[in-house]
Amino acid sequence: MAVCTGLIVANLYYCQPLIVLIANEFKIPEESAGTITYLTQAGYAIGLFFMVPLGDKIERKRQILMTTFATVIALLIAATAKSFLVLQIASLLIGITSIVPQLILPLAASLSAPDQRGKVVGTIMSGLLVGILLSRTLSGFIGQVLGWRSMFYIAAGICLLIFFVIQSKFPQNKPQFQGTYGQLIQSLFTLIKTQPVLREATAINVFSFAQFGAFWTTMVLLLSGKPFDFNSATIGLFGIVGASGALAAPLVGKLGDKGNSRIAVGYGILLVLISFLIFYFSIESVIGIAIGIVFIDIGIQGVHISNQTRVYSLLPEARNRLNTVFMSLTFLGTAAGSAYGLLLWKFGGWQYVTIGCMVLSLLSLTIYGLTYKSKSKKAKAQID
């Protein structure tokens with residue numbers, strides 16, 4: 001499950017190191033080519049909201065297979081796009097259909113024992129995070145050697161192989177929800193209204209992943225310009241640096257199993273804030289950027305895995321829907337962050353991006369602090 005999750009989520013990030021190559025082929029500004037990054041993330045959020053809840057209503061393995069096959073088609077459309085508009089549409093479709101990791105995670109959670117759930121989620125998340133980070137390395141290398149279209153052809157082949165692996169290896173898992181699709185979607189808003197932990201975890205994730213999106217989108221622009229002048233293959237190598245931090249994912253999951261998930265969230269927010277302080281002073285330093293990448297990826301993992309473990313512990317019969325709320329808003333945050341980063345880059349370059357992301361970290365800390373005080377007061381009132 002971890003391998004399948006990592007290979008499929010990679011579809012969302014292949015485009016990032018290819019921005020300059022795509023801009024050159026279609027003869028458009030690099031900032032315009034960068035729009036495919038947040039269109040892909042926005043598509044992912046759309047797919048999460050409208051398709052993931054069905055995992056509580058229809059058989060999960062069947063849904064995973066159908067969605068994986070649709071991903072193959074979307075990737076082939078991107079590979080053969082004759083205009084940038086078609087590539088933008090294909091990018092949106094790639095995002096919508098690459099939601100399989102968020103179907104696998106609730107399936108894994110439902111198959112695991114409660115005292116092992118955090119570890120299981122952490123293990124699969126490590127696969128997902130390695131996929132996110134190494135996708136940039138692979139994409140940058142393939143783009144430089146074979147051209148950007150080849151990356152999408154290769155991705156389609158990988159997803160077709162995954163289709164057959166899932167068909168032979170994944171167990172069936174029957175749903176528990178008996179209502180209509182309309183009731184299923186309506187219940188999402190009920191969950192938001194009635195679950196304070198879901199609201200808190202989602203809000204913190206939105207701001208954290210907005211920083212993640214802003215960084216990885218604008219980093220390509222920084223490293224492709226002066227004084228670095230790196231090509232797509234070299235830029236992609238920075239994904240390896242981030243992937244080393246993915247080893248922390250199972251450890252974070254174990255911490256959640258011991259009841260310390262919320263503490264890990266706080267440390268994660270602080271690590272992300274520190275990373276952007278490092279980035280601010282590393283506008284001409286490869287070593288500084290590499291160190292910052294390790295900090296931001298470990299920090300994001302701490303926030304995300306811990307919050308996800310907390311959310312999965314709320315209502316077992318509604319895990320797909322809880323995951324829908326949590327992840328669809330998280331990836332809207334990523335999409336908005338990519339657009340936010342491009343806007344900051346346009347007006348003030350790298351230092352504007354880093355300052356803007358530090359502001360988002362402070363907003364995350366504010367939410368974390370306010371909800372902590374609120375819970376402490378509630379606990380005291382119950383004791384009294």
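Trainee: Is proline 101 buried or exposed?

Mentor: Proline 101 counts as buried, at 0% relative accessibility. Buried means under 20% relative accessible area, exposed over 50%, and partly exposed in between, with a 1.4 Å probe and protein chains only. Keep in mind that this is a predicted model: local features need pLDDT of at least 70, side-chain atom pairs count only at pLDDT 80 or more, and totals for chains, interfaces and linings use all residues. Residues are numbered from 1 along each chain as its sequence is written, and side-chain values use heavy atoms, with hydrogens and water left out.

Trainee: Which helix is proline 101 in?

Mentor: Proline 101 is in H7, residues 100-111. Helices are DSSP runs (H or I, at least four residues), numbered from the N terminus.

Trainee: And what does proline 101 touch?

Mentor: Leaving out residues up to four places away in sequence, proline 101 touches Thr5, Ile8, Val9, Tyr44 and Leu128. Contact means heavy atoms within 4.5 Å.

Trainee: Next, helix packing. At what angle do the axes of H1 and H8 cross?

Mentor: At roughly 30°, and the axes of H1 (residues 2-9) and H8 (residues 117-146) come within 7 Å. That makes H1 roughly parallel to H8. Angles under 35 degrees count as roughly parallel, over 145 as roughly antiparallel, 65 to 115 as roughly perpendicular and the rest as oblique. The axes are lines fitted to C-alpha atoms, for helices over the stretch in contact, and angles run from 0 to 180 degrees between N-to-C directions.

Trainee: Which residues make the contact?

Mentor: From H1 they are Ala2, Thr5, Gly6 and Val9, and from H8 Thr123, Ile124, Gly127, Leu128, Gly131 and Ile132. The set divides into five nonpolar, five polar and no charged residues. Here Ala, Val, Leu, Ile, Met, Phe, Trp, Tyr, Cys and Pro count as nonpolar, Asp, Glu, Lys and Arg as charged, and the others, Gly among them, as polar.

Trainee: Switching to charges. How many salt bridges are there?

Mentor: The structure holds four. A salt bridge is a side-chain nitrogen of Lys or Arg within 4 Å of a carboxyl oxygen of Asp or Glu.

Trainee: What does arginine 149 pair with?

Mentor: Glutamate 25, with the closest N and O atoms 2.7 Å apart. Arginine 149 lies in H9 (residues 148-169) and glutamate 25 in H2 (residues 19-26), so the pair ties together parts that are 124 residues apart in sequence. Glutamate 25 is partly exposed, with a relative accessible area of 36%.

Trainee: What about arginine 262?

Mentor: Arginine 262 meets glutamate 200 in a salt bridge, 2.7 Å from N to O. Arginine 262 is in H15 (residues 261-280) and glutamate 200 in H11 (residues 196-224), 62 residues apart. Arginine 262 counts as buried at 14% relative accessibility, and glutamate 200 is buried at 4%.

Trainee: And lysine 226, buried or exposed?

Mentor: Lysine 226 counts as exposed, at 69% relative accessibility. Lysine 226 forms a salt bridge with aspartate 229, the closest N and O atoms being 3.0 Å apart. Aspartate 229 is partly exposed at 42%.

Trainee: Which residues are joined into a network?

Mentor: Glu200, Arg262 and Arg310, through salt bridges that share partners.

Trainee: Last one. Where is threonine 354?

Mentor: Threonine 354 is in H17, residues 319-383. Threonine 354 is buried, with a relative accessible area of 0%. Not counting residues up to four places away in sequence, threonine 354 touches Phe276, Phe279 and Tyr280.

Note on methods: Helix = DSSP H or I, 4+ residues; strand = E, 2+ residues; numbered from the N terminus.
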